[in-house]
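Welcome to this guided tour. Open your viewer, keep the selection tool handy, and follow each stop in turn.

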Amino acid sequence: MARIPKDIIDQIYHTADILEVVGDYVPLKRNGQNYWACCPFHNEKSPSFSVAPAKGFYKCFGCGKSGNVVNFVMDVEGSSYPEALRALAKKYGISIPEEEERTPEEQLRQNERDSQYIVSNWAKDHYHRLLQNTDEGMGVGYAYLKERGLNLGTIQTFELGYSLDQWDDLLKAAEKAGHQLKYLEKTGLVVQRQDDQGQDTGRRYDRFRGRVMFPIHNVSGRVVGFGARTLKRDDKMAKYLNSPESDIYHKSDVLYGLFQARQAIRHEELCYLVEGYLDVLSLHQGGIKNVVASSGTSLTEGQIRLIKRYTDNVTVLYDGDAAGIKASLRGIDLLLEGGLNVRVVLFPDGDDPDSYIRKVGDQRFADYVENQSQDFIAFKTTLVAREASADPIKKAEAIREVLQSIAKVPDGLKRQVFLQQTAVTFGFDEQVIITEYNKLLKTPAAGRSNTPPTTPTPAPASRPADSPSALAAANPRPLTPEEEIEMAMYGVTHGSEEEASQLAGPTAGLAELAAPLDVLTQCEQAVLRLLVLYGPHEVQPEVSVAHYLLSQLDGTPLQNPLYARLWAECREAFLQGQLPDLRLLAHHEDAAIRSLLADFATERYDLSPNWRIKDIYVPTELNLIQLACDNAILRLNKCHVQRERQQCLTQLQDNQLDSNEQLNVLLRYNELTKLDGQLAQMLGTVVARNS
Ligand SMILES: [Zn+2]
């Protein structure tokens, strides 16, 4: 798609009113400076979704979704960045002069795609008319749908249709309606007739004949292809025939029913995944509207990304036969890898979701799904454990299969729970399972593709209660009042480097929960946050926050790649005379940076209620901006000093140095210890150190 010109993007951001846009979806109530509503992204009874109109950001304190007006449209509509911009431009009557921006080839391609959308939409209408307005459509197509229990409402919602059992019905109708043959061919609605040598004979015929037509919509509701079921009893004929891949139809990026299901998926915070068109239709009609089908293909990464736009929770509804289950286990691993929470429901032998809901009725079906759904890993464990039964070799193989699924789960804490469950199901000691799991991780094929899973250790409960890491995680030291204020002002979470490294060391699984960011990252975040939020403000007359931070930290590059990128961009802009402007940065092209900025802008620094009760004057961050900057700079420097000091210590303990090297390291170590003490003093915090 053509790029939207920069000045138009600016115009969209400046015109779009976040209150107005959000207000189209949820009713907002003012409370203080912000507006509140029940979150449109997760189910809740009391409002934790806030909009800060002055900053142009929203944030949900329940589910954590946050961003600017464009992010909101992306999230709520499940659209891409340019799609969201276009939607806002349309709402505010801003025209996008894209034709001039495009090369002739791009224009041509866009026209080609548009033409394919148009012809697909026309064909959908044509098939839909035939279903209800012809004897054949009524007698064959409609009769079949009625027999399957589908009512007119469902037929309309999903725009079902029927193709006449003729070679050229669509061809003729298309010609009459003025559609070009080439688009009928490109979308696969019409097929070339070839001779014995595979040469085009110049003749054409309809692909779909005598079939019930299921239009396939993309997320924005445009028809991109068709699924078609024959009603003839002919073994040589495929029961289902689908549109081929085309410029507008990529099987692996489409889920059948998602367009009709997306609001319900978001509202229920759950997506049911079924196999066939009729499963989707029957469940939707039965009141279960949050249902989609992968329709024929095995699940793809593209489809999983699509689901993830709306929810993290998927329940897979299976036909009851064992072969089918075995075949789909791999697809489910893909769901786990995508970070989704996966549950499964099995239907009694011989039933699929469609036949079962017709057999037992809507309410009993809903109850069944709710009561029978079980966590996928637990389900797989039971399944393979039962198969392996008493055979020790099979059992070892079965455990490895389960562990392979567990390795796909990105969340460390969840992995631990699953490992515990596996130990229980197979009747092994947990440590045995963990050893086996760690062995498995060393074979490259098992792990997840990008980040290797952290090595889990026994759950906290099985560790001696007085071990330091267990204590650090379970009972964080209570904060002193000074620290509370400091935290409130600087947004830096407390915890010494030592505590953090203990957590990040042997108990990484636990640390993911207890210390979401390491100390260095926190310190880097603090300086970056000040830079983008307060860049143009002055610390001293004629010296801006941006100037101050950038010059003070010129020799201290940020380690976190995302932070470093944003820092470098701000620095570059500053050197060209521009100060950071949150409003402009808000439409950064990088989604990770946009999300980071949203967090900076909307984070609440809630002071302990004690401070309000005692009526102690708490200066705002801006009142004390120089102090805040100094504090953040010192902390970051201190963090680097401590890290290097720790490295020296490790080198000394390793005993690998010759005496000369040893002396040098020792000198550096002492130097750093002194520096650390000085920095601590400057920070005004007293550090008691026994090392
Ligand atoms: Zn929420």
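**Stop 1: a charged pair**

Select D354 and R148 and show their side chains: the two form a salt bridge, with the closest N and O atoms 2.6 Å apart. A salt bridge here is a side-chain nitrogen of Lys or Arg within 4 Å of a carboxyl oxygen of Asp or Glu. D354 sits in helix α15 (residues 353-360) and R148 in the loop between α7 (135-147) and α8 (152-157), so this pair ties together parts that are 206 residues apart in sequence. Helices (H or I, at least four residues) and strands (E, at least two) are DSSP runs, numbered from the N terminus.

Before moving on, a word on what you are looking at. This is a predicted model, in which local features need pLDDT of at least 70 and side-chain atom pairs count only at pLDDT 80 or more, while totals for chains, interfaces and linings use all residues. Residues are numbered from 1 along each chain as its sequence is written, and side-chain values use heavy atoms, leaving out hydrogens and water.

Are D354 and R148 buried or exposed? Both are buried. Buried means under 20% relative accessible area, exposed means over 50%, and partly exposed is in between (1.4 Å probe, protein chains only). D354 counts as buried because its relative accessibility is 1%.

R358 counts as partly exposed because its relative accessibility is 39%.

**Stop 2**

Next, select E112, K182 and K186. Salt bridges that share partners join E112, K182 and K186 into one network. Look at K182 and E112 in particular: their closest N and O atoms are 3.3 Å apart. K182 lies in helix α10 (residues 181-186) and E112 in helix α6 (residues 104-133), so the pair ties together parts that are 70 residues apart in sequence. With 38% relative accessibility, K182 counts as partly exposed, while E112, at 12%, counts as buried. The structure holds 23 salt bridges.

**Stop 3: a five-stranded sheet**

Switch to a cartoon view and find the open sheet of five strands, whose order is β13-β12-β14-β15-β16, with mixed pairing. The edge strands are β13 (291-293) and β16 (374-375), each of which pairs on one side only. Two strands pair if DSSP finds at least two bridges between them.

Now work across the sheet:

- β12 (residues 271-274) and β13 run parallel and are joined by three bridges. Here L273 has V292 in β13 as its bridge partner.
- β12 is also joined to β14 by three bridges, and these strands run parallel. On this side, L273 stands opposite V316 in β14.
- β14 and β15 pair in the parallel sense over six bridges. Select Y318 to see it opposite L346 in β15.

How many of the six residues of β14 are buried? Five are, and the strand is mostly covered.

**Stop 4: helices on the sheet**

Show helix α12 (residues 277-285), which lies across β12, β13 and β14 (313-318) and runs at about 170° to β13. Axes are lines fitted to C-alpha atoms, for helices over the stretch in contact, and angles run from 0 to 180 degrees between N-to-C directions. Contact means heavy atoms within 4.5 Å.

**Stop 5: two crossing helices**

Select helix α3 (residues 69-77) and helix α4 (residues 81-91). Their axes come within 9 Å and cross at roughly 110°. The two helices are therefore roughly perpendicular to each other (65 to 115 degrees; under 35 counts as roughly parallel, over 145 as roughly antiparallel, and the rest as oblique). Which residues meet here? V69, V70, V73 and M74 in α3 meet Y81, A84, L85, A87 and L88 in α4.

**Last stop: the whole chain**

Zoom out. The protein chain has 32 helices and 18 strands. Of its 691 residues, 46% count as buried.
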